[in-house]
Amino acid sequence: FRMKYRKGKLMFFLVIFLLFFSVSCIVQEEQADVPRELETVSKEQDLQEVVHASEQELATWQANEAGKVMILMYHVIGSSKESTWAQTTANFRRDLQMLYEQGYALLSLQNFLDNNIDTPAGRTPVILTFDDSYSGHFRYLVVADGTKKIDPECAVGVLLDFAKQHPLFGHTATFFINNNPPFGQKDFWQEKLQELVALGFEIGNHTLTHPKLGKLSSEEVQKELAGLAKLVEEAVPGYKVDTFALPYGLSPQNYELAVAGVYEGFTYKHRAILKVGANPTLSPAVKDFDPLHLPRIRASSLEIAFWLDYFQNNPEQRYISDGNPQTIAIPVEKEVLLDKSKLRDKKILLWNKDI
C-alpha cells in the first residue's frame, strides 16, 4: 500500500511539473512572437498615459500653450548706468529675479522653434538673447599663471550662478555675435565659443561687421552672413548656425538672402530671423506663428516692467506650460488657434474653465 501511495504521489507531481513546463513554453513562444518595437511602443504609451496631466491639474496651472512668449533682447551688460541699450550687472540680476518670482523659466531658442517646450508645469517660458558679443556677455578672468575662470560679473557668469540658486529657472540663452572679435579678449574667442556650446548656450548670426544690410549688394549681404556662420562652425566643429538677428532690425533688400545664401562655396540657411522690438511672439503651436519674422522685446527696465505688468493683468494671453513637451495643453475655447499640422504626434489636452 505504501509503495502504491508513493508511486501515485510521484506521478501526481510529475504530471504537475509537465503541465507547468508546457504552459511556460507556450507563454515564452507567444512573447517571442511580439516584436521588440511593439514592446517598446507599449511601454512608451503606458508612460505617456501616466504623465499626462489631468484636467483638474491643467485648470489649477491655467495651462495655455497657445499663449504668447517674450524673447528679451539685451545688448551691453555691465554698464555703469542703464539706458535703452545697456544694463548694469545689478539690474540684469534684478531682471532674472523678477522673472523667476513671477513664474518664468528660461527656454532655449532652438527648443522654442522645435516646439519642444519642457518648461516646468505652471511656469512661462522666456527666451534671452544677447546681441553684438560684447565682453560683458562672456569674459574670462586671467591670473598671472595663465589660469582663467568665467567672470561672475559677466552675463554668462550671472546666469550660471542664478541657475545654481534657482534650478527651475535654468541658464540657457542665445548669443548673436559679430567678429569684433567675439566677446573681446582676442586670444580666447574660439575657446569661448566652444565653452558656450558645452555649457548649453546657443550661438546665432549677427553678421561679420554689423552693417545696415539694406545698403549692401546681394553679394555683400551673403559675405556678411556666410562669413560669420563659417567662422563659428570652424571654431566649434559640428555646430550649425541657423538663427539670425537683424543688425539694427534692418533687413536686406532681398529678404530671401536673410534666410539663405552662399558665398565662396559656403552655404548658410537660417530657420529663424529675429527682429528688433517690440512685442512678445506667438506660440509655435498656433496658426500665424512665423519663425522668419520673430519680434523681440528690448530688455530695458521700462520695457520689461511694461510686459510683466501686461501679462499679470492679462493672464489669458500668457503661455503657461503643462510641463510635458509631448502634449499641447490649452483651454477648450483656444483650440481654434492651433495649427494641428505643426503638432505631429503631440497630444492635445483640453480643459474647461468651469470645472
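View 1. Buried means under 20% relative accessible area, exposed over 50%, and partly exposed in between, computed with a 1.4 Å probe on protein chains only. Arg344 belongs to the loop between β15 (327-331) and β16 (347-351). Helices (H or I, at least four residues) and strands (E, at least two) are DSSP runs, numbered from the N terminus. Phi of Arg344 is positive, about 50°, although the residue is not a glycine.

**View 2. Thr207 in its loop.** Thr207 sits in the loop between β9 (202-205) and α8 (218-235). Its phi is near 75°, a positive value in a residue other than glycine. Thr207 is buried, with a relative accessible area of 0%.

**View 3. The cis peptide bond at Pro181.** Asn180 and Pro181 are joined by a cis peptide bond, with omega about -20°. Pro181 is in the loop between β8 (174-177) and α7 (189-198).

**View 4. Helix α6.** The buried residues include Val156, Leu159, Leu160 and Phe162.

**View 5. Helices α4 and α10.** The axes of α4 (residues 89-101) and α10 (residues 301-313) come within 12 Å and cross at roughly 5°. That makes α4 roughly parallel to α10. Angles under 35 degrees count as roughly parallel, over 145 as roughly antiparallel, 65 to 115 as roughly perpendicular and the rest as oblique. Axes are lines fitted to C-alpha atoms, for helices over the stretch in contact, and angles run from 0 to 180 degrees between N-to-C directions. Asn91, Arg94, Asp95, Met98 and Leu99 of α4 meet Ser301, Ile304 and Leu308 of α10. Contact means heavy atoms within 4.5 Å.

**View 6. Confidence along the chain.** The average pLDDT of the protein is 89, and 85% of the residues score at least 70. pLDDT is the predictor's confidence in each residue, from 0 to 100. Residues 1-7 stay under 50 and have 0 contacts beyond four places in sequence. Residues 15-48 are also below 50, with 2 contacts beyond near neighbours in sequence. Where pLDDT is low, the predicted coordinates should not be read in detail.

**Notes.** Residues are numbered from 1 along each chain as its sequence is written, and side-chain values use heavy atoms, leaving out hydrogens and water. Local features need pLDDT of at least 70 and side-chain atom pairs count only at pLDDT 80 or more, while totals for chains, interfaces and linings use all residues.
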